[in-house]
4 protein chains.
Amino acid sequence: MYNIALFGAGRIGQVHAVNIANHPQSSLYSVIDPYQKGAQALATQYGAKIQTTEEAMADPDVHAVLIASATDTHADLIEQAALAKKTIFCEKPIHLDISRVQQCMTVVKENNVPLLVGFNRRYDPQFRLIRERLSAGAIGKAESLVITSRDPSPPPAEYIKVSGGMFRDMTIHDFDMARFIIGEDPVSIYAQGSNLVDPAIGQAGDIDTAFIVMKFPSGAMATITNSRRSGYGYDQRLELHGEKGLLKADNIHENTVELWSEESGCVGAKPEHFFLERYAQAYRSEWDHFIDVLAGHCEPECSGYDGEFALKIADCALESLKTGQEVTL
Amino acid sequence: MYNIALFGAGRIGQVHAVNIANHPQSSLYSVIDPYQKGAQALATQYGAKIQTTEEAMADPDVHAVLIASATDTHADLIEQAALAKKTIFCEKPIHLDISRVQQCMTVVKENNVPLLVGFNRRYDPQFRLIRERLSAGAIGKAESLVITSRDPSPPPAEYIKVSGGMFRDMTIHDFDMARFIIGEDPVSIYAQGSNLVDPAIGQAGDIDTAFIVMKFPSGAMATITNSRRSGYGYDQRLELHGEKGLLKADNIHENTVELWSEESGCVGAKPEHFFLERYAQAYRSEWDHFIDVLAGHCEPECSGYDGEFALKIADCALESLKTGQEVTL
Amino acid sequence: MYNIALFGAGRIGQVHAVNIANHPQSSLYSVIDPYQKGAQALATQYGAKIQTTEEAMADPDVHAVLIASATDTHADLIEQAALAKKTIFCEKPIHLDISRVQQCMTVVKENNVPLLVGFNRRYDPQFRLIRERLSAGAIGKAESLVITSRDPSPPPAEYIKVSGGMFRDMTIHDFDMARFIIGEDPVSIYAQGSNLVDPAIGQAGDIDTAFIVMKFPSGAMATITNSRRSGYGYDQRLELHGEKGLLKADNIHENTVELWSEESGCVGAKPEHFFLERYAQAYRSEWDHFIDVLAGHCEPECSGYDGEFALKIADCALESLKTGQEVTL
Amino acid sequence: MYNIALFGAGRIGQVHAVNIANHPQSSLYSVIDPYQKGAQALATQYGAKIQTTEEAMADPDVHAVLIASATDTHADLIEQAALAKKTIFCEKPIHLDISRVQQCMTVVKENNVPLLVGFNRRYDPQFRLIRERLSAGAIGKAESLVITSRDPSPPPAEYIKVSGGMFRDMTIHDFDMARFIIGEDPVSIYAQGSNLVDPAIGQAGDIDTAFIVMKFPSGAMATITNSRRSGYGYDQRLELHGEKGLLKADNIHENTVELWSEESGCVGAKPEHFFLERYAQAYRSEWDHFIDVLAGHCEPECSGYDGEFALKIADCALESLKTGQEVTL
């Protein structure tokens, strides 16, 4: 049984707490959060302790840390955990500044601790199946990848300001997905964007709608379609075209019930509302993988390098958006 | 926290054990099973005790019993639990002999304990949504109900012999579903069947393929399509036609990935393989309901009366199959 | 080029007129209809003559007759055409009285003329493909056939009175379809029905909603779901389950456009409105087949025997509806 | 009745010949093609004359010309027809060189004859419905347009050489579609491409796989996904995201039949094979529109300006592909 110290008792922390508690090989050992009330509620629910960061890092009974705290604390906590020789699960991103990410990676490397970066979508069974079927030769060589990713509704403008912008906060998942599916690092990127959803986002210096084109060494290409507001739920689709055909992963809808009538036509349910619903299974599978890492059965599939590379792509996308030129990575 | 004594550590018992353990208001207190090894394994996994039937019934710390043991033990255990004033969750069927069911119901009634009969499909979110939308007037009055229910592959012929036959074992779920959706007790039934899947089933005196037509007091009708072998997974669909349109619940497929290619056309995943996968959510929701019953928030939605009525329909279907006449209930 | 005399310039006659005129091997030679204005309009549109029945039958330039006139004239016209040695295409039904049908068949036989009875659905490419794939072994032996057939809205009660009732008028297509797909003549039939759509239909002595179960010599079974009013268009689906899997033909919808939105969910188009739209291709393919018959390349696929048998099933269904017993054919 | 002179008796000419002949207000008057055998076959089939270009242009009985001849003859024939005051239907493109197109437009304008350029996809009922629903406010303002367009298999490399390249030959339809749907002229374009399908295409100096991003004055954006080889039929999809939701047009598949089985999963039919099948209705609707133009009921919806603008976008896309920069129009 692995004892887990959980940093951050917010929305994502709570998702992980359930999975930690329900997994037969892990238990929620302690919760660390400056917001005491949230920490206490979560700790009570799962019979866990309240600890400070220092206590958790120093506690020999803590086998691993799960970092789901505020973004700007990730790098510091990773370094402290690395020094304390804890196995680390860190929510994306490691940091918004790539030089800080690189610094942090050095500490991780020096201390030789496993670090899993939480790009949860890699563990979605649909997307993973596409990756597996590509590897198994179902469509021959990959040629064109089309990623659709739209949030149901935009975050408040205050969040935009601390998020690092749409590319570093939202599209970063799609950048990682493109690398995960194609299995190569892109060589160039072009980004085009607009502020169409909420003027406050534009005033905060960001966009909310984007099309991105990436090219890979093999000649394969990927496009990403993003919007901060779908109006109909969380739109998460992926389509991979190869030399022998197409692999498509469609949305998962809220239910399978349809109403057919004179007035309305044939009406089905919307896609699952947002990531908590859509990626519930992905979060569980991600945790299963981390338990395997803890048990020494494998290396982290999604490493610090992956976290760093996704951020690097985001930075280049931003540069392309500003210059109107494709940027070479 | 409600302590649950679980009778039966087999396949269904294990499904319930997970849900009991994961629910914040219940815990698996004890396991009772004549097969000691199975009981022990399950008890160990969830930190539960091993008890005998007598110990469990006499134990004041046991708040409720979940009966998932062999079919022929259900009625006896229900009666013992009723006398011991335990709240009861019993897997269907109560008994294969309707007079024994009625006897059992009398004991339950005299002891005034809540009894929930486990027609799990009533808790499937898709089918429940159809019931709710019908009640909300989405299609006006119900007119025609079409239930498709096909198992992936037939059980062994030995099971057929102790199962009470297809109508009492398999179709009984569909009989209950028809009553649940239409909200009326049928007035007549006609059944036609064949032995097409496995000759051993015919030699055991049973059929494996059936069409059934039921009529309800309002003039609404239902048809049930059954097969013991689909060849492509667990086919569980429902379609309700009313005066203003149609409500349809489709299968849930294993995933949303499609392969489009020259040789194969457009290929999607099969329906979920069998009931453990297809009704995983239904089992969880059913347990949520039982916790509500235990907490005194509501009466059991699916009572002994429902269990008895479904069996009565099965008996009439069998009579119709033999006589070629529709049978009045 | 085959010259066709068309009896009946109404809705169905007009459908055939287009197909006759557009086919490179046939031309609309003459139109015969007691309603002169309709006959004249159609004749003018296609550059055809107006003839009387006697003129058409006596005219050596008429190679074939297409009978799309009122139902009660079909048998007489068939007999006259047979005596005049014309090749005959007759819309279903031949007659509502089976003894008159048999009489008529005798005349056809004595005169040795080809007679094609217009069960148009046999020529629908979807249903035909199911028949072909069954023959090619795609699902092994046929076991269960499920036919869904719902009209968009009920006909006026006056039509009901002359139609011979739902089974002889509407379900007769489904009876024929069951024989066409299974490839056997049924041995028994059970019918259950209600008057739910329009009280005037009940007052005219008919039903408007029905479930039917048929059994075939091989043990295969079929069920038919009928309603005179769908509320959402013409619902024409077919599903055939066999020992190795399922073949399904879904509705053809008005278009492929979907609207996904917050308020409405995921909305697609309704099924094609009614038979003129849904079976437009079937009517064309049926005419192609008749041209092949005229050219002596093949026998009529859908003969007088098929017309007679479908009516016989309808009569038995009516008897079952009245007696509550399955009727042996 | 309008007499039509058809230039070009090839594949596209034959498509138009059927529609001209079947339309109640037009007839195929003459066929002009340097390949005499093809011209004769088509003329015989529809009872048309054989003419030379000069004869057709000088013939006062010719009301309109349909130009479906080789691409490099389009501009010359348009000019001759304009001088002869014929109404003109010309297949795209007018010419591969934009200055020649502009010259040609001047002649058309001076002679004040209607010119319809055959971007057939504008008449596809699915895509047109999306345009209409956008106009009707179904999704508010347009934000992101996603066009998928993949041919079933690549043309021979010789064709590539005379085609003007993928952007001017194939993508030009998508450029026009983007303008048709969004209802604005784009302000910038970026193109990325690869030669993945056939090395011979690369040796001919062209690409066969492309992603394109366009931006419009309103901030709306469009992306186009192209491949010369799908492997599974003609992939023609369109998805328009707006402030209130999504409008999607899916492929039309060869039929609605599905096979569900153990070995194969759930298998549906491929998309319609290529443009002759997929856009059969679009060609008919396009001809209906041209008859309306001939009758003076409306102006050509798709004019020389549209033909010129689509070519201009193609030229800019080519420049972007070469420079790696987005190009301002």
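Analyst: Happy to! The domain bounds used here come from an automatic or database domain assignment. On that basis chain A splits into domain 1, residues 2-113, and domain 2, residues 122-328. Please keep in mind that this is a predicted model.

Let's start with the overall layout. Taken over C-alpha atoms, the centres of domain 1 and domain 2 of chain A lie 25 Å apart. Domain 1 of chain A brings 28 residues to the contact, and domain 2 of chain A brings 26 residues. The size of an interface is often given as the accessible area lost when the parts come together. Between domain 1 and domain 2 of chain A, about 2200 Å² is buried, with 75% of that area coming from carbon and sulfur atoms.

Now for the polar side of the story. One salt bridge is found across the interface of the two domains of chain A. A salt bridge joins the side chains of A:Lys92 and A:Asp169, at 3.8 Å from N to O. Four residue pairs are in polar contact between domain 1 and domain 2 of chain A, both partners being at pLDDT 80 or more.

Which elements build the domain 1 side that touches domain 2 of chain A? At least two residues each come from strand S1 (2-7), helix H1 (11-22), strand S4 (64-67), strand S5 (87-91) and helix H5 (98-111) of chain A. H1(A) gives the largest share, with six residues. By residue class, this side of domain 1 of chain A holds 15 nonpolar, nine polar and four charged residues.

Notes
Residues numbered from 1 in each chain as written. Chains lettered and ligands numbered in written order. Predicted model: local features only at pLDDT ≥ 70, side-chain atom pairs only at ≥ 80, totals over all residues. Heavy atoms only, no water. Contact = heavy atoms within 4.5 Å. Buried area = accessible area lost by both parts, 1.4 Å probe. Salt bridge = Lys/Arg side-chain N within 4 Å of Asp/Glu carboxyl O. Polar contact = N/O pair within 3.5 Å; in protein donor to acceptor, adjacent residues only side chain to side chain. Helix = DSSP H or I, 4+ residues; strand = E, 2+ residues; numbered from the N terminus. Nonpolar A, V, L, I, M, F, W, Y, C, P; charged D, E, K, R; others polar.
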